[in-house]
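Visitor: I would like a close look at a single part of this model, with the rest of the chain brought in around it. Could you walk me through it?

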Amino acid sequence: MRNTPWQLFRFGFVYLNAIPTGFLISPILWNSAYLGWASILGGYALSLILLWFTVKVGLWDPHKPWLDFGSQLVSKWIHFPIVFLVMFWAINYVGMDIEGFTLFFDTNYMRETPQWFVLLIVGLVVTISARWGLETMIYISDGLFIVIVIAIVFMNMFFFKEAHFDMAIAMVRHHNYGSTIKDALFCLSFFAEWIVFLFLAPYLKFDRRSFRNLAAAGLLVTIGMLLQWASTLLNFGPYLGRELQYPLVELMRAASGFLGNSDPLMIGLWSSSMFLHSAFLIHISARCLAKLFQLNHMDGPLIAIIGGTAIVIAYQYSQNPIRFMGDFNSFGMAVFFILMEFIPIFYWIASLFRRRGHKHKARQKPRQKQKPA
């Protein structure tokens, strides 16, 4: 496929932007309130550390995905259980995506429709999107990127027109740093989904510019979250704002003129990024399953199996939506997501010993050749 220098940046932005846009703002307002800007920036800064290790692992063999060369860094007896853990995480993440998206539509637009029906439709759309293949998803992200960025700019131009900027002074005077540090780790779990990009090879290869491109994508997502947090806070205040489950929708409904009637367009853009996010995770799960059981040229059946499994998981979540949202926004879930991002650090440490081993063998070979002479 055609590979441009900033293609990784565009795909990274569309993928990373999906979940924070829909689910990050309310938890930040609950804890950090006026210091939400510090939590968001802190979470992004911490994510760059994990990104550095991820890129270093990807550079070990830029032409192969981590699935193929990971066993060269650690034994296959260690690599395969980690691959299974990544598959388990990705499938459950897809289930949470489907349930979260179903709750959004069921709450705002389709209240009379049975939840299981909406869940089934969303799951089928995500599974079909995954069947298109990774190359198609990358090209789709190129077009979505431009439209989403333009939408973010225009939305915030309208949102800040009626904002109460007299509350902005509280963003500096509040000193609730304990909650800020905890929320920074919570934001880190949203921003640091870097491990998934190790699956892009050979479609998008890692090089020295990969850190720059993915860091720029994360920065653009961070700016978008800062604008959404600030517009919610300055329009609704910290107490009403944190009670809103979907602040972006309420901001559009409260606006007058064109923006007040444009929520279907904006929700359509967010839905597209959500579908791409879930489809990519299904693609990752299928590749992990194929690697574990040595199943070649079976992408279609594997994607169907994983998509069906994710739908079943989402249906189990839908039995208790209140508990689901509580668990989804819990600090324990954030810690689990962060620990998943520590996997590249383990492989990077292994790569250091592997390189030392190669150097040691390279030094021994000339000596062995000189002995017979």
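Which residues is His164 in contact with, leaving aside its neighbours within four places in sequence?

Guide: Happy to. Leaving aside those neighbours within four places in sequence, His164 is in contact with Leu234 and Asn235, where contact means heavy atoms within 4.5 Å.

A word on the ground rules before going further. This is a predicted model, so local features need pLDDT of at least 70 and side-chain atom pairs count only at pLDDT 80 or more, while totals for chains, interfaces and linings use all residues. Residues are numbered from 1 along each chain as its sequence is written, and side-chain values use heavy atoms, with hydrogens and water left out.

Back to the histidine. His164 is found in the loop between α7 (134–159) and α8 (170–173); helices (H or I, at least four residues) and strands (E, at least two) are DSSP runs, numbered from the N terminus. With a relative accessible area of 43%, His164 is partly exposed. On this scale buried means under 20% relative accessible area, exposed over 50%, and partly exposed in between, with a 1.4 Å probe and protein chains only. Asn17 lies 147 residues from His164 along the chain, and their C-alpha atoms are separated by 26 Å.

Ser141 counts as buried because its relative accessibility is 0%. Not counting residues up to four places away in sequence, Ser141 touches Arg10, Phe11, Val14 and Leu276.

Next, helix α10 (residues 210–243), which holds Ala230. Ala230 has 11% relative accessibility and therefore counts as buried. From Ala230 to Ile338 there are 108 residues in sequence and 26 Å in space, C-alpha to C-alpha.

From here we can turn to the nonpolar interior. A nonpolar core is a set of buried Ala, Val, Leu, Ile, Met, Phe, Trp, Tyr and Cys residues joined through side-chain atoms within 4.5 Å. The largest such core has 126 residues, and Trp66, Val86 and Phe197 are those with the most contacts inside it. Helix α12 (residues 263–293) gives the largest share of this core, 16 residues. Take Val86 as an example: not counting residues up to four places away in sequence, Val86 touches Trp66, Ile195, Phe199, Ile284, Cys288, Met340 and Ile343.

Asn92 is worth a stop too, in helix α5 (residues 76–108). Asn92 has a relative accessible area of 17%, so this residue is buried. Beyond residues up to four places away in sequence, Asn92 touches Ile313 and Tyr317.

Most residues other than glycine have a negative phi. Ala33 is not a glycine, yet has a positive phi of about 55°. Ala33 sits in the loop between α2 (25–31) and α3 (36–58) and counts as buried at 16% relative accessibility. Gln294, also not a glycine, has a positive phi of about 55°. The place of Gln294 is in the loop between α12 and α13 (299–318), and Gln294 is exposed, with a relative accessible area of 52%.

Towards the end of our tour comes Phe353, in helix α16 (residues 343–370). At 54% relative accessibility, Phe353 counts as exposed. Phe353 and Pro247 are 106 residues apart in sequence and 48 Å apart in space, C-alpha to C-alpha.

Finally, let us zoom out to the whole chain. The chain has 16 helices and zero strands. Its C-alpha atoms fill a box of roughly 90 × 50 × 40 Å, taken along the principal axes. A compact globule of 373 residues would have a radius of gyration near 21 Å, and the 22 Å of the chain agrees with that; the radius is taken over C-alpha atoms, and the globule rule is 2.2 Å times the number of residues to the power 0.38. Of the 373 residues, 53% count as buried. Among contacts with a separation of 6 or more, 87% come from residues 24 or more positions apart. The chain exposes about 17,400 Å², with carbon and sulfur atoms supplying 65% of it; accessible areas come from the Shrake-Rupley method with a 1.4 Å probe, and for residues only the protein chains shown count as cover.
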